[in-house]
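Here's a quick briefing to read alongside the model.

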Amino acid sequence: MFIDSDDIKKVIPEVVKIRRHIHMYPEISEQEYETSKYIKKCLEEIGLEANFIGDTGVVSMLMNNPEFQTVGLRAEMDALPIEEETNLEFKSKNKGVMHACSHDGIVATALGVTRLLYEHKDELKCNVKFIFEPAEEVGKGAKKLIAEKVLENPKVDKMVIFHYANSEPIGMEIQKSVSTATLGRVGIEIIGKSSHWGEPEKGINAISVSAKAIDAIDKINIDLKEKMQFVLGMGTINGGVKNNIMAENVKLEGTLRTFCEENFEYVLTYLQDRMKEIEEETNATIKVTLISHLPALINNPDLVKMGSEVGKEIFGDRFVLGEKPFLAGDNAAYYFRLVPGVRMVFFAEKENEQNWPLHNGKFDFNEDIFPYAVCTLYNLISTMD
């Protein structure tokens, strides 16, 4: 099947309609109640039975033959706590919530592929399990659905996931091996000693110590950049109680992202050692905590080969087999630890416009990517056995 086929042309208006509906009514992680009801309704209209899983997830099964292997197609469905700043006709109607990470397009695409696979089910040599995952943005969805046995009954033998980005013109990329980073949510708590600012010599200023900690983190990024690819950065800082009281406590939270566990442990230890030096220098107490940790997502080489063949067929020279992973994270890594899988990225830059990055209130992507993505996913899954 090719992007100019009648089947593709017929399904794309439905994909656009679904994407825009979901975009208008976004829901944050673990609160995707209306989104899941809408997805279930769409699946039932196609002709499939659909069930809720993990509170707000949805799963549906296209069973062709119990003897066939089963391919899982995962689509994330949660939005972000971001106020939308676009001028789109279908902009978010839910204040402070936005699909700023293309999950609206991912769900819509998956439903378009579902319809095509259902209509051509007699031609398939596999079964397909459609998995609509909640809470991906907070790294909980995959673990929750695995605990609910989403990869069982029937057992999922292969997994396909995909994402959209607007950083390049229409195209596609698959990484040869590692696709997304291992990442951790890092907390730093600085405990000083409160004092009235009229007697500063009696206190230990946790805010001043936090400045030293931030400077040290910036220096770590410089010192280690030639040694490995990584990112260490703080996203929040909170501390102090009143203008005339020296702050006793400051808390920072940020992220650490690398491409392997060895480098992750190296940078984390490097950070801890630097904070100990600042402790000795300032007499403050500094606690470094790894709040959460997500493993790297590693593509299966056989599925990379299959996906690359389809990608070249659909995209031509706009397909890239990438060496460099993305510093983003994806909790689908937990699926891939249990099932061979492949992650692909579809690029959808809007031509002659400023393209705002993922997780930005002005984020959008080019819907012209839909025929390419739907066709690629259909062709890949339909050739699996």
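Lys149 sits in the loop between H4 and S5; helices (H or I, at least four residues) and strands (E, at least two) are DSSP runs, numbered from the N terminus. Phi of Lys149 is near 70 degrees, a positive value in a residue other than glycine. Keep in mind that this is a predicted model, where local features need pLDDT of at least 70 and side-chain atom pairs count only at pLDDT 80 or more, while totals for chains, interfaces and linings use all residues. Residues are numbered from 1 along each chain as its sequence is written, and side-chain values use heavy atoms, with hydrogens and water left out.

**More on the backbone**

- Lys149 counts as partly exposed, with 45% relative accessibility (buried means under 20% relative accessible area, exposed over 50%, partly exposed in between, with a 1.4 Å probe and protein chains only).
- Asp55 has a positive phi too, near 75 degrees, and belongs to the loop between S1 and S2.
- At 60% relative accessibility, Asp55 counts as exposed.
- The peptide bond from Asn153 to Pro154 is cis, its omega near 0 degrees, and Pro154 lies in the loop between helix H4 (141–147) and S5.
- For context, most residues other than glycine have a negative phi, and most peptide bonds are trans.

**Pockets**

- The largest pocket holds about 1,300 Å³ of space.
- How is a pocket defined here? On a 1 Å grid over the protein atoms alone, a pocket is an open set of points where a 1.4 Å probe fits, with protein on both sides within 12 Å along at least five of seven lines; lining residues have an atom within 4 Å of a point.
- Grid points are joined across faces, edges and corners, and a volume is the space filled by probe spheres set on the points.
- Lining the largest pocket are 46 residues, with Glu137, Leu183, Arg257, Gly329 and His359 nearest its centre.
- Elements giving two or more residues to that lining include strand S5 (158–165), strand S8 (182–191) and strand S14 (341–347).
- The lining of the largest pocket splits into 19 nonpolar, 16 polar and eleven charged residues (Ala, Val, Leu, Ile, Met, Phe, Trp, Tyr, Cys and Pro count as nonpolar, Asp, Glu, Lys and Arg as charged, and the others, Gly among them, as polar).
- The second largest pocket has a volume of about 200 Å³, and Asn51, Val59, Met61, Lys129 and Asn153 are the nearest to its centre among 14 lining residues.
- Strand S1 (50–53) and strand S2 (57–62) each give two or more residues to the lining of the second largest pocket.

**Aromatic contacts**

- There are ten aromatic pairs in the structure (ring centres of Phe, Tyr and Trp, its six-membered ring, within 6.5 Å; planes under 30 degrees apart are stacked, over 60 edge-to-face, the rest tilted).
- Tyr164 and Phe370 make an edge-to-face pair, because their planes are at 75 degrees, with ring centres 5.9 Å apart.
- That pair links distant parts of the chain, Tyr164 in strand S5 and Phe370 in helix H9 (residues 370–382), 206 residues apart.
- Tyr164 and Phe370 are both buried.
- Lys227 lies over the face of Tyr266, 5.0 Å from the ring centre (NZ of Lys or CZ of Arg within 6 Å of the ring centre and within 35 degrees of the ring normal).

**Cysteines**

- A search of the whole structure turns up zero disulfides (pairs of cysteine sulfur atoms within 2.5 Å).
- Cys126 is in no disulfide, and the nearest cysteine sulfur, that of Cys375, is 16 Å away.
- Cys126 counts as buried at 1% relative accessibility.
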